[in-house]
Amino acid sequence: MSHAGAPVGGLLVLVDPVARRLDGESVRIAKDVLSAGAAAKICLPDSQEEFARALARRGHRQPVIVGDDRALVRAVGLLHRERGLGDGAVSLIPVGQLGSLGLARSLGVPLSAVAAARSVLDGAVRTRDLLVDDSDGVVLGDLRIPPVRAAPRPAVPSVWSAYRSLVRTLVPAGARVGHRLRVEADGQVLVDVDRAVEDLRMVPGPSGGLAEVTVRLAGGPSLRVRAASVTVSGSDFRYRADALVAGPVRRRTWTLRPGAWSLTLPRG
């Protein structure tokens, strides 16, 4: 779904503090382009707390985030928790190190400050699905439970050398070690703790009502399903939600919210 992205109540331009430190020139360009094309209130918060307060006081202004993936996820998470995602589209002008803009790229946001600012003014609003977990965390683009690696072993007294050699033949340092997890998709068990899970990935669609779920078994095949809800439980695990690593937790459920948020993107 898309429609014209012209801001009705003006723009609230929130410049992430990290973006200001890393690339002041791109921030200046973005502010100039936006201010020339719309009524824009520029906010330069010095902390995440000030960022959250400014966003909460946006009124009818359309939020424009100037920053990296973390800044976008933070803004969408704050709007979700205050039930404000339905008020209008969110826009992003990516500013940050290239490695911190993978989500922006995957969402279709131009990485040029000028192009991104212009799309805020004359782009189209695209509705997207959102993954929400049972602690009210959000996932915009990619959820992963990645493989873990066996830690290097410290030196030990020679009396243990034979034992150490045996262990290294069984689990070499740096080798991938599977998680013992129970994975349920829409209430159906995909994998139980008797099978080691090497990697799990869940991706919300543009606006399709179901997420793509891929579970790779250690030494086995990959399982692929589409589901509206996934529950993972078992041994402690960490997970990567977009740009953030969370955990360890023993149980977490992610539920898809179809069409829960909107992003301004270039037309075409």
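Tutor: Let's start with a word we'll need: a residue is buried when its relative accessible area is under 20%, exposed when that is over 50%, and partly exposed in between (1.4 Å probe, protein chains only). Helices (H or I, at least four residues) and strands (E, at least two) are DSSP runs, numbered from the N terminus. This is a predicted model, where local features need pLDDT of at least 70 and side-chain atom pairs count only at pLDDT 80 or more, while totals for chains, interfaces and linings use all residues. Residues are numbered from 1 along each chain as its sequence is written, and side-chain values use heavy atoms, with hydrogens and water left out.

Student: Okay, why is P94 called buried?

Tutor: Its relative accessibility is 4%. The cut-off is under 20%, so P94 counts as buried.

Student: And where is P94 found?

Tutor: In strand β5. Both faces of that strand are covered, with S91 and I93 buried on one side and L92 and P94 buried on the other. In a regular strand, side chains alternate between the two faces of the sheet.

Student: What is P94 in contact with?

Tutor: Contact means heavy atoms within 4.5 Å. Setting aside neighbours within four places in sequence, P94 has contacts including G67, L101, V109 and A116. G67 is also its bridge partner.

Student: Which strands make up the sheet, and in what order?

Tutor: Four strands form an open sheet, ordered β3-β2-β4-β5 and paired in parallel. β3 and β5 are at the edges with a single partner strand each, so one side of each has no neighbour in the sheet. From one strand to the next, the twist averages 20°.

Student: How do you know that β4 pairs with β5?

Tutor: Two strands pair if DSSP finds at least two bridges between them. Four bridges join β4 to β5, so they pass. β2 and β4 pass too, with five bridges; there, L12 has P63 as its partner in β4.

Student: What makes α4 a largely enclosed helix?

Tutor: Ten of its 13 residues are buried, so the rest of the structure largely encloses α4. Among them are D69, R74 and H80. The helix (residues 69–81) lies across β4 and β5, at about 150° to β4. For such angles, axes are lines fitted to C-alpha atoms (for helices, over the stretch in contact), and values run from 0 to 180 degrees between N-to-C directions.

Student: How do you know that the length of α2 agrees with a helix of 14 residues?

Tutor: The expected span is 1.5 Å times one less than the number of residues. For α2 (residues 24–37) that gives 20 Å, and its end C-alpha atoms are 20 Å apart, so the two agree. Its buried residues are S26, V27, A30 and L34. They cover an arc of only 100° around the axis, so they sit on the same side of α2; the arc is taken from the directions from the helix axis to the C-beta atoms. What covers them includes β2, α1 and α6.

Student: Where is confidence lowest, and where highest?

Tutor: pLDDT is the predictor's confidence in each residue, from 0 to 100. The protein averages 88, and 85% of residues score at least 70. Helix α7 (residues 161–170) is lowest, with a mean of 45, and β5 is highest, at 98. Over residues 163–172 the value is below 50, and this stretch has eight contacts in the model beyond near neighbours in sequence. Where pLDDT is low, the predicted coordinates should not be read in detail.
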